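I opened my notebook to look over one protein model.

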Amino acid sequence: MLGESKTAVRGVATIAALLSVAGVTLAGQALASSKDDGTVIRTWTGLAMTAVRDTTPMTDAKAARTYAMVDAAMYDAVNGLAGKGHSHSSAIVPPKGNSSGDAEVAAAAAAHDVLVALYPDHTSSYDAQLATDISNADSARQAEKGRAWGQQVASGVLAARSNDGISGSETQTLPYAVGQWEGTWGSQPRHLAPFAVADPYSYVDGGPPTLDSAEYAAGYDAVKYYGDLNNPIAGATETYNFWALGGKTDQPAGAWLQIAQTVSADRGLSLADTARLFALESMAMADTVPATYQTKWVYTHWRPQVAIQHGDDDPNGATQGVPTWTARAKQVGSSPQHYSGHSTFSAAGATVLAGFFCTDNLTFSLDTDDVGTGPRTYGSFSQAATEAGWSRVLGGQHFPFSNEAGLSAGRAIGNEVLSTALLSAHHSEERRGCRR
């Protein structure tokens, strides 16, 4: 698969070299490298998705960190070989300073070493893919230089993220909103170091509405209706299942990388552009994790099932309790919540994709890992993000205000990443997050 279009690419490079001798340069053709295909980025991101699917237990936070580490490593490997005047700012490891080495092999080697360190049980498959990538290189010398640089990048990424907080956990018993029902929960990454944003905790909002407010009552009634297991709303169960993305799936961030795989291939992005898109996408989604999880610890807001079953005991006279009410999701967990993680991941992912392509309105199809309900076709990135967030209300797992708060935070984080990360000093439109 990685060898597709090699003959055509080499033919273009040969013609370009001949024209160069005559003083002619092909527009847009970088003579220093004949590689201009993003397949290697999509392939290794796909291998990261497989590792996430195969690992138990797997949290959405750990999955997002995996993708960000792999995609940032591949981006830095490619970017480091772009040559003076052509590189962008680095994600983690600064550019090498010259353009010597096969960029595809560098990307593959960087992803290989990161994944081997994170998921050693999959080493044989990673070794096989790397061997394929090396065999497709134009020359053994360039392949070896690319591999050495990719390994250097991977070492830097692993070192930088070795104490980033993902493995730290805290367990404590916290009272839910009304102070009468308690739940023990933990193993949450409260202090995950960001990849690209300056301060992820600045995106923690002022919290959910107070229990005695009209806003809370409106959200309560909405999830009570839409999230009820016994309310046969057309399409509700299918939409919830489509976006559920729990264990044995590529998790919420993985679904958005599937979208990136589709649209980057459809639009024929170059190797450099594909690497940059995936790094921006993955880092933005990973950077929603600290804010999302911090709201759970700060506000300890109960989930709808507990709230509705005990609605008559809260301080709001407009909320009518139903002791037998069951969420459509059936298993809703005991942890408190405020931001919906599906909402923050989805909004960040959609924002980066829309900013990168300079438009929200690209049509694409997606078949998530929760099979049996897809594929579905969307006319815009925001349409998919809106549905993903609302699916958690349909599942009875989140209040509508938690969905909206998560979407807002995710959009803001995505915009910060677009405005500040992986920029070229020579292209002002990139400071607006737009690749032209």
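My entries follow, from the whole chain down to single residues.

**Entry 1: ground rules**

I noted that this is a predicted model, where local features need pLDDT of at least 70, side-chain atom pairs count only at pLDDT 80 or more, and totals for chains, interfaces and linings use all residues. Residues are numbered from 1 along each chain as its sequence is written, and side-chain values use heavy atoms, with hydrogens and water left out.

**Entry 2: the whole chain**

I looked up the secondary structure and found 15 helices and four strands. Helices (H or I, at least four residues) and strands (E, at least two) are DSSP runs, numbered from the N terminus.

Next I checked burial. Of the 436 residues, 55% count as buried. Buried means under 20% relative accessible area, exposed means over 50%, and partly exposed is in between (1.4 Å probe, protein chains only).

The accessible surface comes to about 17,200 Å². Carbon and sulfur atoms hold 50% of that surface. Such areas come from the Shrake-Rupley method with a 1.4 Å probe; for residues, only the protein chains shown count as cover.

Then I looked at contacts (heavy atoms within 4.5 Å). Among those with a separation of 6 or more, 77% join residues 24 or more positions apart.

**Entry 3: two helices**

I compared helix lengths with their expected span, which is 1.5 Å times one less than the number of residues. Helix α2 covers residues 39-54. Its 16 residues should span 22 Å, and its end C-alpha atoms are 23 Å apart, which agrees. In α2, 13 of the 16 residues are buried.

Helix α13 (residues 341-357) has 17 residues. It reaches 24 Å from its first C-alpha to its last, close to the 24 Å expected. For α13, 17 of its 17 residues are buried. Cys358 follows α13 and has a positive phi, near 65°.

**Entry 4: nonpolar cores**

In soluble globular proteins, nonpolar side chains tend to be buried together. I searched for nonpolar cores here. Such a core is a set of buried Ala, Val, Leu, Ile, Met, Phe, Trp, Tyr and Cys residues joined through side-chain atoms within 4.5 Å.

The largest core has 94 residues. Those with the most contacts inside it are Trp44, Trp243, Trp256, Leu353, Phe357 and Phe381. The largest share of this core, 13 residues, comes from α3.

Which residues does Leu353 contact, leaving aside neighbours within four places in sequence? I listed Trp256, Ile259, Ala260, Val263, Leu277, Glu281, Thr359 and Phe381.

A second, separate core has 16 residues. Leu211, Tyr216, Ala329 and Val332 are among them.

**Entry 5: salt bridges**

Side chains of opposite charge can pair when their charged atoms come close. A salt bridge is a side-chain nitrogen of Lys or Arg within 4 Å of a carboxyl oxygen of Asp or Glu. How many salt bridges does a search of the whole structure find? I counted six.

One joins Asp37 and Arg42, at 4.0 Å from N to O. Asp37 and Arg42 are both buried.

Another joins Asp164 and Arg65, with the closest N and O atoms 2.7 Å apart. This pair links distant parts of the chain, 99 residues apart. Asp164 is in the loop between α6 (140-160) and β1 (172-175), while Arg65 is in helix α3 (residues 60-79). Asp164 counts as buried because its relative accessibility is 4%. Arg65 is buried too, at 11%. Leaving aside neighbours within four places in sequence, Asp164 is in contact with Arg65, His191, Leu192 and Ala193.

Arg376 pairs with Glu387, at 3.2 Å between the closest N and O atoms. Arg376 lies in strand β4 (residues 376-378) and Glu387 in helix α14 (residues 381-394), so the pair ties together parts that are 11 residues apart in sequence. Arg376 is buried, at 18% relative accessible area.

I also found a network: salt bridges that share partners join Arg53, Asp250 and Asp369.

**Entry 6: Glu416**

Where is Glu416? I found Glu416 in helix α15 (residues 400-420). Is Glu416 buried or exposed? Glu416 is buried, because its relative accessible area is 17%.

Not counting residues up to four places away in sequence, Glu416 touches Val197, Ala198 and Tyr203. The C-alpha atoms of Glu416 and Ala198 are separated by 8.7 Å, though the two residues are 218 residues apart along the chain.
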